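The sequence and the model are shown below, and the description follows them.

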Amino acid sequence: MSDIRPEERLAAALARLIIDPAAPPARHIAVGAASPLPAAACWLVRKQGHPVRLSLLHRRSGNPFTEGTRELFDLTGQGRIDLFFLGGGQIDGQANLNLVGTGEWPGREVRFPGSFGSAFMYVMAHRTILFREEHSPRVFVEKVDNISAPGVNAPGVFRRGHAQALVTGKCVFRFHPERARFSLLSLHPGETVESIRAATGFDFDVPAEVPRTPDPTPEELALLRGPVCDEMLETYPEFCARVFNRKAAA
Amino acid sequence: MTPTTLEAMAASVPDGALVALPPDNSLPSIALAKALVRRGARGLRLLGVPVAGFAADLLIGAGCVAEIETSAVSLGEAGFAPRFSAAVKAGTLVVRDCTCPAVHTMLQAAEKGVPFMPLRGLIGSDILAHRPDWRVIDNPYADGGDPIVLLPALQPDIAIFHAVMADAEGNVWLGRRRECATIAHASKRALVTVERVVPGNFLEDERLAPGTINATYVTEVAVAERGAHPVALLDEYGFDAAYVADYARMAKTEAGFATWLDREVFSPRAAAAE
């Protein structure tokens with residue numbers, strides 16, 4: 001098997017979180033405007049034989065909904081979306097997400113595109129996996145400048161789910177909503193607890209033993225490079241060319 | 001049904017109007033956005049349903065927009081919307097940040113003719129903190145202690161989008177992109193550009209009827225071939241990534257944007273192509 005690409009390791013790490021038996025079941029997963037890696041992880045889970053329904057919101061042809069994009073939010077409002085993915089221009093130690101911008105509201109310093117559906121989806125999906133490849137103190141901050149979507153709510157506020165984990169280019173954090181803190185779950189190759197501390201603006205818990213993020217298995221790699229890439233080619237041609245060295249047929 | 005012209009349609013949009021636009025994956029009328037730039041529209045208040053893209057960035061850059069209410073402004077894979085970002089930094093644009101289901105819910109309240117509708121989520125977000133027009137009440141159907149957000153009905157003055165075709169009765173067909181139906185239902189007027197006008201009545205065809213917007217909601221139709229370009233139109237034509245990437249590159253600066261406008265919007269060739 002040729003060298004493992006970082007994207008392949010991240011896709012496999014995301015896939016393991018999706019099927020984590022300790023998390024609520026993932027029967028219907030929606031993948032939004034996030035990077036193609038969450039989509040690759042979902043396809044990997046599907047190609048491994050898990051019977052999940054995938055609603056991919058950015059497919060170029062077709063669209064899972066016939067009543068317009070509000071259908072995603074209506075499904076989520078009813079509790080029929082088990083898992084969603086979110087990122088953020090800033091993410092803080094309480095899992096608050098900032099997709100609005102830095103500086104004064106509404107992002108007078110650096111304006112990001114905007115909150116999209118995060119202020120609803122993060123609260124109403126059964127769980128959310130946070131994904132942000134850039135692991136730096138400018139992204140992972142002690143306190144976000146503006147809260148697009150809160151990591152936790154005050155007691156008594158209706159909330160169906162929280163962040164399950166935060167997957168970055170350097171490590172995987174688990175989120176603990178009861179204490180509103182992250183803990184280190186695994187380190188990607190070459191990283192140490194100290195290197196993560198140096199790259200992270202927020203404080204987090206460190207268990208006695210922090211394992212290495214596992215390599216994708218040969219079976220996972222074969223699926224990613226074959227049938228997963230086949231499914232992704234139309235929607236994410238640039239990603240497939242870069243990661244899997246595959247070009248869409250003209 | 002007699003179609004109007006694109007330029008007459010643009011002339012019918014008054015300065016200061018509240019204009020609802022679908023995002024780049026849901027049939028915006030780029031042709032009408034360009035015509036609004038040519039007519040020199042001013043003070044428009046845009047509503048992104050539920051987010052905004054190429055058309056909004058173009059209108060903002062050309063000085064047509066005073067305010068925008070939206071859940072995001074983005075050029076998708078081409079990155080941040082450059083003229084929107086510049087206007088936020090300069091403080092020349094009023095931005096009312098929203099979240100996607102809130103836009104849909106406010107429009108659905110307008111569709112139903114009710115003054116407000118509730119929505120879950122939002123509590124704890126700074127979006128809510130910056131929206132004095134959104135209220136939190138205690139759910140009157142619970143035993144107390146269940147706060148929930150109320151959103152006011154939002155009725156745009158004008159809905160603008162692009163459809164595949166119109167029929168002899170003035171019905172328009174756009175398939176499953178039903179957010180365009182929502183904004184047409186909720187708005188006072190709907191201005192729709194189409195690729196072509198065909199004979200007959202879509203509502204007499206069981207296969208076309210579910211993807212049709214009834215002429216009741218359609219104020220004017222204008223023919224604009226490739227009117228969504230560079231955005232994709234269902235299975236009629238694809239997304240022109242190179243065109244949007246070129247725009248994103250040029251619109252990084254005010255001068256580059258002006259050059260782009262001259263070439264793509266104001267030149268006689270560009271205007272004739274619309």
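Two strands are said to pair if DSSP finds at least two bridges between them. Strands (E, at least two residues) and helices (H or I, at least four) are DSSP runs, numbered from the N terminus. With these terms, Phe116(B) stands opposite Pro152(B) in strand 7 of chain B.

The model is a predicted one, in which local features need pLDDT of at least 70 and side-chain atom pairs count only at pLDDT 80 or more, while totals for chains, interfaces and linings use all residues. Residues are numbered from 1 along each chain as its sequence is written, and chains are lettered from A and ligands numbered from 1 in the order in which they are written.

**Confidence and domains**

The predictor's confidence in each residue is pLDDT, on a scale from 0 to 100. For chain B its mean is 96, and 98% of the residues of that chain reach 70 or more. The complex receives an ipTM of 0.95 and a pTM of 0.95 from the predictor.

Chain B is divided into domain 1 (6-98 + 154-266) and domain 2 (116-151); such bounds come from an automatic or database domain assignment. Between the C-alpha centres of domain 1 of chain B and domain 2 of chain B the distance is 31 Å.

**The contact between the chains**

Two residues are in contact if their C-beta atoms, placed from the backbone, lie within 7 Å. The contact takes 35 residues from chain A and 37 residues from chain B. On the side of chain B that touches chain A, the elements that give two or more residues are helix 4 (82-90), strand 4 (94-97), helix 5 (100-112), helix 6 (126-129) and helix 7 (179-186) of chain B. The residues of this side comprise 15 nonpolar, twelve polar and ten charged, where Ala, Val, Leu, Ile, Met, Phe, Trp, Tyr, Cys and Pro count as nonpolar, Asp, Glu, Lys and Arg as charged, and the others, Gly among them, as polar.

**Helix 5 of chain B**

A residue is buried if 20 or more other C-beta atoms, placed from the backbone, lie within 10 Å of its own, exposed if 12 or fewer, and partly exposed in between. Eleven of the 13 residues of helix 5 of chain B are buried, so the helix is largely enclosed by the rest of the structure. Among these buried residues are Cys100(B), His104(B), Met106(B) and Ala110(B). The buried residues of the helix pack against helix 3 (70-77) and helix 4 (118-124) of chain A, together with strand 5 (116-119), strand 7 (147-152) and helix 7 of chain B. Just after helix 5 of chain B, Gly113(B) takes a positive phi of about 75°.

**Strand pairing in chain B**

Strand 8 (residues 158-166) of chain B has eight of its nine residues buried, so it is largely enclosed by the rest of the structure. The table lists strand pairs of chain B.

| Strands of chain B | Bridges | Sense |
|---|---|---|
| Strand 1 (residues 18-21) and strand 8 | two bridges | parallel |
| Strand 8 and strand 10 (residues 189-197) | eight bridges | parallel |
| Strand 8 and strand 9 (residues 172-173) | two bridges | antiparallel |
| Strand 5 and strand 7 | four bridges | antiparallel |
| Strand 6 (residues 135-138) and strand 7 | four bridges | antiparallel |

Val19(B) has Ile158(B) in strand 8 of chain B as its bridge partner. Met165(B) is bridged to Arg196(B) in strand 10 of chain B and to Trp173(B) in strand 9 of chain B. The hairpin of strand 8 and strand 9 of chain B has five residues between the strands, and in it Gly170(B) takes a positive phi near 90°. For Ile137(B), the bridge partner in strand 7 of chain B is Ile148(B).

**A sheet and a loop in chain A**

In chain A, an open sheet of three strands has the order 5-4-9, with mixed pairing. Strand 5 (97-98) and strand 9 of chain A stand at the edges, each with a single partner strand, so one side of each is left without a neighbour in the sheet. Strand 4 (residues 90-92) of chain A runs parallel to strand 9 of chain A, joined by two bridges, and Ile91(A) has Phe140(A) in strand 9 as its bridge partner.

His135(A) is placed in the loop between strand 8 (127-132) and strand 9 (140-141) of chain A. Because it has 19 C-beta neighbours inside 10 Å, His135(A) counts as partly exposed. Leaving aside neighbours within four places in sequence, His135(A) is in contact with Phe140(A), Thr168(A), Gly169(A), Lys170(A) and Ala199(A). His135(A) and Thr168(A) are 33 residues apart in sequence, and their C-alpha atoms are 5.9 Å apart in space.
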